[in-house]
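The walk goes from cavity to cavity, then to an annotated stretch of chain.

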Amino acid sequence: MTRASSNYELPFDAPAPQASPDLRDRESLLGLLDAWVERGWLRRLDRAFVGFLLECRPDTQPLVAVAAALASHQLGHGHVCLDLALTLERPDEALSLPPEGDMGPSMRLPSDLLAGVDAATWLAALAGSPLVADAARADSTDEGRPLVLDAGRLYLRRYWDFERRIAQALRERLAHPVETPPNLAQSLALLFDETQAADSGPDWQKLACALAARGRIGIVTGGPGTGKTTTVVRLLALLQMAAVEAGRPLRILLSAPTGKAAARLSASIAEQVGRLPVSDAVRAAIPTEVSTLHRLLGSRPDTRHFRHHAGNPLLIDMLVVDEASMIDVEMMAHLMAALPPHARLVLLGDKDQLASVEAGAVLGDLCRDADAGHYTPETLAWLEQASGESLAGTGLSPGDAERHAMAQQIVMLRRSRRFGAGSGIGQLARAVNAGLPQEVRTVLERESAAPDPDVYDTRGIRPDALDRLLLDGHPASARGKPCGYAHYLDVMQRTRPAADIPGDDPAWESWAARVLAAFDAFRLLCAVRKGEQGVEGLNARIARALCARGLIEQELGWYEGRPVLVTRNDYALGLMNGDIGIALRVPQGDGEGTALRVAFPRSDGTDGVRFALPSRLNAVETVYAMTVHKSQGSEFAHTALLLPDRTSPILTRELVYTGVTRARTWFTMVETAPGVLEEAVARRVRRISGLSV
Ligand SMILES: Nc1ncnc2c1ncn2[C@@H]1O[C@H](COP(=O)(O)OP(=O)(O)OP(=O)(O)O)[C@@H](O)[C@H]1O
């Protein structure tokens, strides 16, 4: 880093006009930041970053140091940068401070710290600091500066770079469309031969397939069951038909952010490929194996670098990534870098779901215009001609090639095949997504009172009734049984192979697979981790209730039936953060009695299972209840979402929507206090970023 000086700079000790006492000098500011770290308001990392900057430039103004601390803090909350104006407008809200559940003694808040600071003064201080590069000036001497100021947003350079590289790579892809396969219209007609009902509008899947076929980048977004996988399977068939014919089948890879999502996509594609009206040669050229993004890029232990990057790109012609809403800005930048320029990239995902826990909401940012379409007249004409579908009367808004460049390669699927008009879960998801609390309440009341409900509402549930719900679910109905956690333990006991069957017999693996599948019959989702109504409290409660009923041997430690969630990638064992396993008693290899082993599904889309020694698992936690965040990419026959009794900024529309849409057949809303659901539905997540293409 250069140690250039600047005319703007004030000596460190000079107070900014009307600044709060915390911004008067270095010691006061660091004192407050240290107190925030102690209290868990800032990460140690954020404080260390400021320490590093002050070491490089001891004369740094407090206004610059505090901006650096807050920009780093924002990354921990999923924001790619610090929006200065927004932070000054509503400091505590913009910075999510005090954090959820902080009941400690009073402490100086961001609003106290930033009182009296105006945007112009803050911007001038940053613009004048040798630590801050100005994004508008392509000045190579700026390159070593650790912070970047871009249109009123302050970035840590790494993250500004990620965003810039993603935008650049996408623009290049958009600027160089590929040749569409010959006979596009005929192939589309062959693959999409369903007749649409006259009132159901155009076949959005066909439109999505056509758009993706013409570009190096295509995005297919849509709610659960709208046919994202169906569309991509047909796209793969369409492209491979032409490529196989030409004697050069495409090298295609499929990927997803988590092992669970990869396994789901793999099973779904395998099932759909069989039904394609194509030759065996084309069918054989469509892969069904799906790897996680980490595995695809070749993650290496103890480093953030991957084996594949711009200098060693993937040897492929096409990449499909499912559950793209879970991709954070860093992963997306690595992904774009590792993709050879000629390769096609297709992203599938639900833009309305919660974004990744890490910084950035790439899919949400790119799909900003997806509801309105924003197609240019050229795109509209091309789409109608290629697909034979009419977009008249769809209510889409017109677009502009400059302002809506990315929108030209995005289609939003609008008709759910899983949750049709009559589905309570579908209606609930739509009402939540539309941000209509009153409508949400109406749907809950109406659907839960129906004779064979798929939605259950338990307002003000009593503790004993909650325990019964969590263990036994609801009474069986015509559709089957909305289970609780007793179910998979029952399957475990009932289907256990006979004790004299040797440990290497496949019966043990099939049994484990069956128990793992039964575990997915029910999941309790929580909004928060801490407290009685968080994951930690509920896991303890469920274990206690199962133990009291004699369904598990003990509440703590390792016991048969204990479900565990992997919380850190373990490359040696091939386990990824988010993988779920269950401890089972299986025969020892030497024929000497039995031992506990943790069964994990293989992430190759098969029903295979592998076993790990409990003592080898370093980062796991019990997972009856899980956070909505961790449940992304999974679905469960019966899903219950428990909302805490106090509202908080993390209870948002996206969180409730993601929770509801994890349910395949039944959904239970567990409300512990009035008004919390309504407030959550009315609140939107806003991820701060500058990604726009
Ligand atoms: N055009 C279609 N014709 C008939 N059935 C369809 C069609 N599109 C989707 N389906 C069926 O609807 C269900 C959901 O489709 P699909 O799995 O493709 O949706 P998705 O959007 O990928 O779902 P998810 O949200 O689970 O990722 C599947 O059973 C699929 O076979």
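Residue classes come first: Ala, Val, Leu, Ile, Met, Phe, Trp, Tyr, Cys and Pro count as nonpolar, Asp, Glu, Lys and Arg as charged, and the others, Gly among them, as polar. By that scheme, the lining of the second largest cavity splits into five nonpolar, three polar and three charged residues. The model is predicted.

Stay with the second largest cavity. Its volume is about 50 Å³. R529, V535, N539, L565, E621, T622, V623, A625, M626, T627 and K630 form the lining. Strand β20 supplies the largest share, three residues.

Now step back to the whole structure. The search finds three cavities of 30 Å³ or more. The largest cavity holds about 90 Å³ of space. It is lined by 11 residues, and D203, W204, Q205, R415 and R417 are the closest to its centre. Its lining has three nonpolar, four polar and four charged residues.

Finally, turn to the annotation. UniProt lists residues 623–670 as "domain: UvrD-like helicase C-terminal", in an unreviewed entry. Over this stretch, 25% of the chain is helix and 40% is strand. The C-alpha atoms at the ends of 623–670 lie 18 Å apart. Which residues of the second largest cavity's lining should be kept in view here? V623, A625, M626, T627 and K630 are among them, and the UniProt range runs over 623–670.

Technical notes:
Residues are numbered from 1 along each chain as its sequence is written. This is a predicted model: local features need pLDDT of at least 70, side-chain atom pairs count only at pLDDT 80 or more; totals for chains, interfaces and linings use all residues. Side-chain values use heavy atoms; hydrogens and water are left out. On a 1 Å grid over the protein atoms alone, a cavity is a set of points where a 1.4 Å probe fits but cannot get out, and a pocket is an open set with protein on both sides within 12 Å along at least five of seven lines; lining residues have an atom within 4 Å of a point. Grid points are joined across faces, edges and corners, and a volume is the space filled by probe spheres set on the points. Helices (H or I, at least four residues) and strands (E, at least two) are DSSP runs, numbered from the N terminus. UniProt positions are given in the numbering used here, feature names are shortened, and annotations may be inferred rather than shown by experiment.
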